[in-house]
Each structure stands twice: as C-alpha cells, then as structure tokens.
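Work through the exercises below with the model open beside you. Try each task before you read its solution.

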Amino acid sequence: MAKRSAAKRRKKKKITAVVSVLAVLLATLLAALDMTGVLPVERLEDLFTGRLWNSPSVPAAAGDTGDASIHIIDCGQGDSVLIRLDGKNVLIDGTTGSNAGQVLEYLHRQGVESLDLLIVTHPHEDHIGGLDDVLGDMPVKEVLMKQLTGSMVPTTKAYERLLTAIKANGSTVTAAQPGQKLTVGNGVFTVLGPTEDFGDLNNTSVVVKLEVGNGTALFMGDAEKESEAALVSRWYDALAGMDVLKVGHHGSSTSSGEDFIRIVSPRYAAISVGEGNDYGHPSDEVLARLEQAGAAVSRTDRDGTIVYILQQDGFRPQQ
C-alpha cells in the first residue's frame, strides 16, 4: 500500500509540474499578444457578456422640414462623417487614433457638444481608432454597430478601447440589422447592410441610407463588391438614384463595382482619402466609373472637408 501511495504521489507531482509549465507558457503567450496589440482572451470575453447590447430602436415618423448637412471630414487616411439634422448630431466612424484630433477639432468648430447617434461601420483602426477620444470628450446617446461573433470578433487594442469607452460613456448600444430604421431629428436612417455574414470585416460594414426631405445619401463604410452585390439583390429600388454617395473603402478597386455604381447613379460622390497614401486610393478605375455615371467627385486629399447642404431638390455642395 505504501508503494502504491508513493507512486500516486509521484504521478500527481508530474501532472502538477506539466500543468504549471503549460500555465507559464500560456501566460507568456498572452503577454506577448498583448504587447503586439492583441486583446487578451479573458478581457475580450468580459467585454462581451451581453450586457452591452440592447434592442433595436423604434423609429418615429420623420418630418421633411428643417436643416440638414453632411460633412465628410478631412481626417487623413481614415473615415469620419458628421451629419447634422435639425439640431441633432450623428457621427459615422472616427478615423485613426493618430488623427482623432482633427475630428474633435472639427466637431468643436461646428459647435457639436454631444452626439445623438454614433454609427460604427466596422472595427478597422482607420474607422474606429479615434472614437475612444470622441466618446471621452462628449456624451453619446446611442451607438449603432454590428454585433460580431466567433472568429469575426476583433482582438485589437483599438477595438478594446472603443468598447471600454462606450461603457464609460453610458451609451445605449444597438445591434445593426438590415431593414432597421432610426430617426434622428428630421432624418431617417435605414440600415441596408450587411445583408448576411461575410468572411471579412470590410464586408461586415454597416451600410446606411439617409432620407431627409427630398435628400438622400448612402454611406458605405468599407463594403466591397461582394457586399454590394448582396445589397443590390435585396435593396435595388432603395439604392437607385442617390444624391450623395460616400464612396466605399476610400475609392479602392475592391469596391464600387460597375453595376453598383450604375444603379446608385449618384449626383455627387465623396471619397475620404489621405494625401499621398500608400494604398493608391482612390483607384483610377473607380474614378472613371463614377465619372461615367455622371457623378461630381470630391475627395478630401484635394478638397479638404466636403460639405453637402439640403436644398429643396436634395443635397447640394456647400457654396
């Protein structure tokens, strides 16, 4: 019996030693991931307990009176759009962390002290990197974003900072769903996409259409041709004949497909892009497509911040 007990103790010690070694290796791995900007697993799970998400907003009927303007903010190689709707403020994305100051400065110059709605198209750093600064600077009533699951959940520092800032701000968070409508001031936003689960974050971009008075605008995030085709299949009539198209993915050739641009047929197209960027944005192919569709193209690297004002016949560039 003594020999058996001793053998059991030796076996238990071996198991304990192996477990200890594995625990040290796992801790080292997690620390290394954290140093390279990847969010540790246990903290990611803590952020996604389900407490953050609320039911979709119930829209009210929107009027057709009052002021409305769209501001494509010049914020380098990133994306940020301010929309003002009869005294209410909406922000779509918040550029990179390094360019967050440009967005905040513009908001302050416009007298924006709070946001009624923040739309997060998708969690790439050039769209969300500066949003923790925005959320730390002013109250944000509601955040609309895609609820990601499984392998699509980002494990980046930028995403961690965003979620932490949303919690600290006390914002209501709404999971974007196709067909959902949200009323802000005198405008109505309709969520058109993503219509399904795609395998990459660009195509998970929340695509929204704005309608206010006789004005229409379409905001694409970084949605690419795969998402565009699905949008056309489901929302053909809703997409046709836009006043303003916020061009997808900074004018990359992976977006703004020929059929899509032909159907949307925008009067005005705005491209958010950094001067001399390393990506070659915007693509000559996309620019030619937009020109062929009859769109007047503006781009932040050449024109600075682009502003469209609601007129009786829809949105027009600010004079």
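Buried means under 20% relative accessible area, exposed means over 50%, and partly exposed lies in between (1.4 Å probe, protein chains only). This is a predicted model, in which local features need pLDDT of at least 70 and side-chain atom pairs count only at pLDDT 80 or more, while totals for chains, interfaces and linings use all residues. Residues are numbered from 1 along each chain as its sequence is written, and side-chain values use heavy atoms, leaving out hydrogens and water.

**Exercise 1. The whole protein**

Find what share of the residues is buried, and how many helices and strands there are.

Solution. Start with burial: of the 319 residues in the protein, 52% are buried. Next, take the elements. Helices (H or I, at least four residues) and strands (E, at least two) are DSSP runs, numbered from the N terminus. The protein has ten helices and 16 strands. Last, look at contacts, meaning heavy atoms within 4.5 Å. Among contacts between residues at least 6 apart in sequence, 71% join residues at least 24 apart.

**Exercise 2. Helix α6**

Check the span of helix α6 against its number of residues.

Solution. The expected span is 1.5 Å times one less than the number of residues. Helix α6 covers residues 157-169, which is 13 residues, so it should span 18 Å. Its end C-alpha atoms are 18 Å apart, which agrees. Now list its buried residues: A158, Y159, E160, L162, L163, A165 and I166. An α-helix has 3.6 residues a turn, so residues three or four places apart point the same way. Just after α6, G170 takes a positive phi of about 80°.

**Exercise 3. The nonpolar cores**

Solution. A nonpolar core is a set of buried Ala, Val, Leu, Ile, Met, Phe, Trp, Tyr and Cys residues joined through side-chain atoms within 4.5 Å. The largest has 32 residues, and those with the most contacts inside it include Y159 and L162. At least two residues of this core come from each of α3 (100-109), β5 (117-120), α5 (131-137), β6 (142-145) and α6. Helix α6 gives the most, with six residues. Apart from this core lies another, of 29 residues, among them L144, A176, V184 and I306.

**Exercise 4. Around S272**

Is S272 buried or exposed, and which residues does it touch?

Solution. Locate S272 in the loop between β13 (268-271) and α9 (284-292). S272 has a relative accessible area of 0%, so it is buried. Leaving out residues up to four places away in sequence, S272 touches I72, I73, C75, G76, G78, D79, K246, H250 and T300. Finally, compare S272 with R299: they are 27 residues apart in sequence and 5.9 Å apart in space, C-alpha to C-alpha.
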